[in-house]
Amino acid sequence: MAKQSQHAANLVVVIAMATVITVSACVVTGVTRVSAESPAAEEGSASPEVLGDSAKSDAKPADSKKDDTDPASASDFKKELFAGKVVFAQEALAKRGIKVAAEMKSQAVLETESGELLPIAADWRGRAFYQDKRLRNRKVELVGYRRPGLPYLQVLVIFVIDEEGRRQEMDYWCEICSIPMYEIKACECCQAEIDFRLRPGKLPAYLTPPQKTDEPSQKPALPGGKPAE
Ligand SMILES: [Zn+2]
């Protein structure tokens, strides 16, 4: 009897220790996430160029490679070009005969040219698709990536294709401070209203083009500027 209760007591100690270890591991992970991911996002919003492969390697602690659950940053994933238009999931699913409730009404998804639906993460760059209807229901090309095991498209650069078929890089711009931003808000510097800005854009050099055609969507098929229905 006494032996058994001693055993039970030991077990309690072991469980208690395991709990302490688990809790401290969570805390450490949480801290790492805050310190490693937030600056990454801020860095990213400073300029899309920072998102090149060399970016942020010095922002990580030297021993972070050991931990596979360590939050990874954009530079750890293969960037690709995703073309299509962004719509809300509820209507996109309805077109496919799938009726879903209002909870999915405001989930933005990229409907690719092949008809695939990719949910867009409302992160520092993807959030604009939720906020701004000017970005939805129009032809876009998104530089972004997906993490293994996750359906979400994480967008890094937004190009909209204008009526002439030209690729325009999109951001928000404060005329007063001359700084770009990536979501709708008051200017983070002077608090003024910011403008929706489009500039002729080129695909980033780090991107491997999906197909090797020499004339990517430069001109619509129809001459005379008639929009294709
Ligand atoms: Zn400003």
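Ser-178 lies in the loop between strand S6 (167-174) and strand S7 (179-181), where helices (H or I, at least four residues) and strands (E, at least two) are DSSP runs, numbered from the N terminus. Residues are numbered from 1 along each chain as its sequence is written. The model is a predicted one, in which local features need pLDDT of at least 70 and side-chain atom pairs count only at pLDDT 80 or more, while totals for chains, interfaces and linings use all residues.

Although Ser-178 is not a glycine, its phi is positive, at about 55°. Most residues other than glycine have a negative phi. Is Ser-178 buried or exposed? A residue is called buried if 20 or more other C-beta atoms lie within 10 Å of its own, exposed if 12 or fewer, and partly exposed in between, with the C-beta atoms placed from the backbone. Ser-178 has 8 other C-beta atoms within 10 Å, and therefore it is exposed. Asn-137 also is not a glycine and has a positive phi of about 55°, and its place is in the loop between helix H3 (128-131) and strand S4 (139-145). Asn-137 counts as partly exposed, because it has 13 C-beta neighbours inside 10 Å.

The chain has three helices and eight strands, and, read along the sequence, they follow the pattern α-β-α-β-β-α-β-β-β-β-β. Of the 229 residues in the chain, 17% are buried. Two residues are in contact if their C-beta atoms, placed from the backbone, lie within 7 Å. Among the contacts in the chain with a separation of 6 or more, 53% are between residues 24 or more positions apart.

Two strands pair if DSSP finds at least two bridges between them. S5 pairs with S4 in the antiparallel sense over six bridges, and Gly-144 stands opposite Val-155 in S5. S5 also pairs with S6, again in the antiparallel sense, over three bridges, and here the bridge partner of Ile-161 is Arg-167 in S6. S5 and S6 form a hairpin with five residues between them, and in the turn Gly-165 has a positive phi of about 80°.

Which residues touch the most other members of the largest nonpolar core? Such a core is a set of buried Ala, Val, Leu, Ile, Met, Phe, Trp, Tyr and Cys residues joined through C-beta atoms within 7 Å. The largest one has 28 residues, of which Val-86, Val-109, Leu-110, Ile-120, Leu-142, Leu-153 and Ile-158 touch the most other members. The elements that give two or more residues to this core are strand S1 (80-88), helix H2 (89-95), strand S2 (108-112), H3, S4, S5 and S6, and the largest share, six residues, comes from S5. If neighbours within four places in sequence are left aside, Val-86 is in contact with Ala-108, Val-109, Leu-110, Ile-120, Phe-129, Leu-135, Arg-136 and Val-140.

Phe-129, one of those contacts of Val-86, has its place in helix H3. Phe-129 counts as buried because it has 25 C-beta neighbours inside 10 Å. Although Phe-129 and Phe-88 are 41 residues apart in sequence, they are 9.4 Å apart in space, C-alpha to C-alpha.

Gly-126 is found in the loop between strand S3 (117-119) and H3, and it is buried because 24 other C-beta atoms lie within 10 Å. Not counting residues up to four places away in sequence, Gly-126 touches Ile-120, Ala-121, Gln-154 and Val-155. Gly-126 and Leu-153 are 27 residues apart in sequence and 8.4 Å apart in space, C-alpha to C-alpha.

The last stop is Cys-187, which is placed in the loop between S7 and strand S8 (195-200). Cys-187 has 18 C-beta neighbours inside 10 Å and so counts as partly exposed. Residues up to four places away in sequence not being counted, Cys-187 touches Cys-174, Cys-177, Ala-192 and Ile-194.
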